[in-house]
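Please keep the structure open as you read.

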Amino acid sequence: MTNNDIFRRIRYTFDLKDSTIVDIFALAEVSVAQEQVTAWLKKDDDDAFVTMKNRELAAFLNGFISFKRGKREGPQPVPESQLNNNMVFQKLRIALNLKADDILAAFELAGFNLSNHELSAFFRKPSHKNYRECKDQVLRNFLLGIQLQLRPNQDASSTSTES
């Protein structure tokens, strides 16, 4: 999944307006224009499409954590320049304050079976012997499960894209 795919899915799932997204970036102490947000949300084949960089998605996710849970005291986390699916998954888990059972329920809604042990492996440090890389399919199904929880009457296929 590209950063733009992840960004689009989060925006759709939580029904975020462009102005709200600008505010979310501001919570991470990053300034973006509404036009920039619109360019990130365009389809890949659109001439106005702009690829979202790792640092920009990380800033959005950091701001999303503050948006959902409240801004923490002190300096805000610096957006990572290298981002992988495990980090995205972890940031979404923190933002939504999800426990393992909540995540497994979202996977179940998406028709994706995962054990508690498999799930915990995604949140371990990369140096840990039981660490497991979060593949696109896992992240896609997690986002779909959350979407089905929050927007159960919406057409799930409207944001499903194969990558």
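1. Start with a definition. Buried means under 20% relative accessible area, exposed means over 50%, and partly exposed lies in between (1.4 Å probe, protein chains only). At 10% relative accessibility, K91 therefore counts as buried.

2. A word on the source. This is a predicted model, in which local features need pLDDT of at least 70, side-chain atom pairs count only at pLDDT 80 or more, and totals for chains, interfaces and linings use all residues. Residues are numbered from 1 along each chain as its sequence is written, and side-chain values use heavy atoms, with hydrogens and water left out.

3. Where does K91 lie? K91 is in helix α5. Helices here are DSSP runs (H or I, at least four residues), numbered from the N terminus. Setting aside neighbours within four places in sequence, K91 is in contact (heavy atoms within 4.5 Å) with L61, N62, I65, E80 and L83.

4. Now helix α4, residues 54-69. Its 16 residues should span 22 Å at 1.5 Å a residue, and its end C-alpha atoms are 22 Å apart, so the two agree. The expected span is 1.5 Å times one less than the number of residues. Buried residues of α4 include L57, F60, L61, F64 and I65. The buried residues of α4 pack against α1, α2 (18-27) and α5 (85-96). Just after α4, G70 takes a positive phi of about 100 degrees.

5. Two packed helices are described by the angle between their axes and the distance between the axes. Axes are lines fitted to C-alpha atoms, for helices over the stretch in contact, and angles run from 0 to 180 degrees between N-to-C directions. Angles under 35 degrees count as roughly parallel, over 145 as roughly antiparallel, 65 to 115 as roughly perpendicular and the rest as oblique.

6. Take α1 (residues 3-13) and α8 (residues 136-150). Their axes come within 9 Å and cross at roughly 15 degrees. That makes α1 roughly parallel to α8. On the α1 side, the contact includes I6, R9 and I10. On the α8 side, it includes L139, L143 and I146.

7. How do α6 and α8 pack? The axes of helix α6 (residues 100-109) and α8 are 7 Å apart, at an angle of about 90 degrees. The two helices are therefore roughly perpendicular to each other. Among the residues that meet are I103, A106 and F107 in α6 and F142, G145 and I146 in α8.
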